[in-house]
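User: Hi! I'd like to learn how to read the cross-links and charge pairs in a protein model. Could you walk me through them?

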Amino acid sequence: MNIARALTATAATAALVAGATVLGTGTASAASYKCTTSKKSVDHPGNTVNDNFNFSVKTCAKREGGYIYAKAYVSVDGPWGFAGESSVNDARALIQVKRSVSGTDPVSKYAYGNGLGSKLNNLDAYGNTSYTSPTVKHKAAAGSRYLGDSVMQIDWKNDGKGRISYNFSASPTV
């Protein structure tokens, strides 16, 4: 009878050790970004030809380790045949971390991402390009909810208007 108990205890211990080993081998996964994609077709105001730029912007935010991170992924389907042709004087992405409140969400931190103008002036043969903004990192206040927001600011060539802001949908709150 003692042998049966000893075997049962050994089997139970082995099962616990095996279970602990299996559970212990997993790695902690980083928090995933929560994203919203929005689209906007923009007619180049400095030209009279068919020259719409179709923007698809995925704005993302995540909460990890007491910080909020926000960034945007931009996909551009520009006019075919504009490859190698300069379309903008300047363009930049404005990425913001906003605290989610009732009414207008206040900006907690922001960054401008350079390089968008170069991407818009160097479309591929099909009129396409993509751009990833820098990541904005903000120390989260306890109990507060946040979201990521993105704005493309474009100074179109030959329109004389300076930078025009194009707002895209914010990320879900985190």
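Analyst: Happy to. A disulfide is a pair of cysteine sulfur atoms within 2.5 Å. Keep in mind as we go that this is a predicted model.

User: How many disulfides does that rule give here, and which cysteines form a disulfide?

Analyst: The general idea comes first: a disulfide is a covalent bond between the sulfur atoms of two cysteines. In this structure the count is one disulfide. C35 and C60 are the partners, with their sulfur atoms 2.1 Å apart. The link of C35 and C60 is right-handed, with 110 degrees about the S-S bond.

User: What does the pair tie together?

Analyst: C35 belongs to strand β1 (residues 34-43) and C60 to strand β2 (residues 52-64), so the pair ties together parts that are 25 residues apart in sequence.

User: Is C60 buried or exposed?

Analyst: C60 is buried, at a relative accessible area of 1%.

User: Now the charge pairs. How many salt bridges are found in the whole structure?

Analyst: Again, the general idea: side chains of opposite charge can pair when their charged atoms come close. Here the search of the whole structure gives three salt bridges.

User: Let's start with E64. Which residue forms a salt bridge with E64?

Analyst: That is K62, and the closest N and O atoms of the two are 3.6 Å apart. K62 counts as buried at 12% relative accessibility, while E64 is partly exposed with a relative accessible area of 27%.

User: And which residue forms a salt bridge with D90?

Analyst: D90 forms a salt bridge with R163, where the closest N and O atoms are 2.5 Å apart. This pair links distant parts of the chain, 73 residues apart: D90 sits in strand β4 (residues 88-99) and R163 in strand β9 (residues 163-168). As for accessibility, D90 counts as partly exposed at 30%, and R163 counts as partly exposed at 42%.

User: Are K98 and D149 buried or exposed?

Analyst: K98 is buried, with 16% relative accessible area, and D149 is buried as well, with 11%.

Conventions
Residues are numbered from 1 along each chain as its sequence is written. This is a predicted model: local features need pLDDT of at least 70, side-chain atom pairs count only at pLDDT 80 or more; totals for chains, interfaces and linings use all residues. Side-chain values use heavy atoms; hydrogens and water are left out. Helices (H or I, at least four residues) and strands (E, at least two) are DSSP runs, numbered from the N terminus. Buried means under 20% relative accessible area, exposed over 50%, partly exposed in between (1.4 Å probe, protein chains only). A salt bridge is a side-chain nitrogen of Lys or Arg within 4 Å of a carboxyl oxygen of Asp or Glu.
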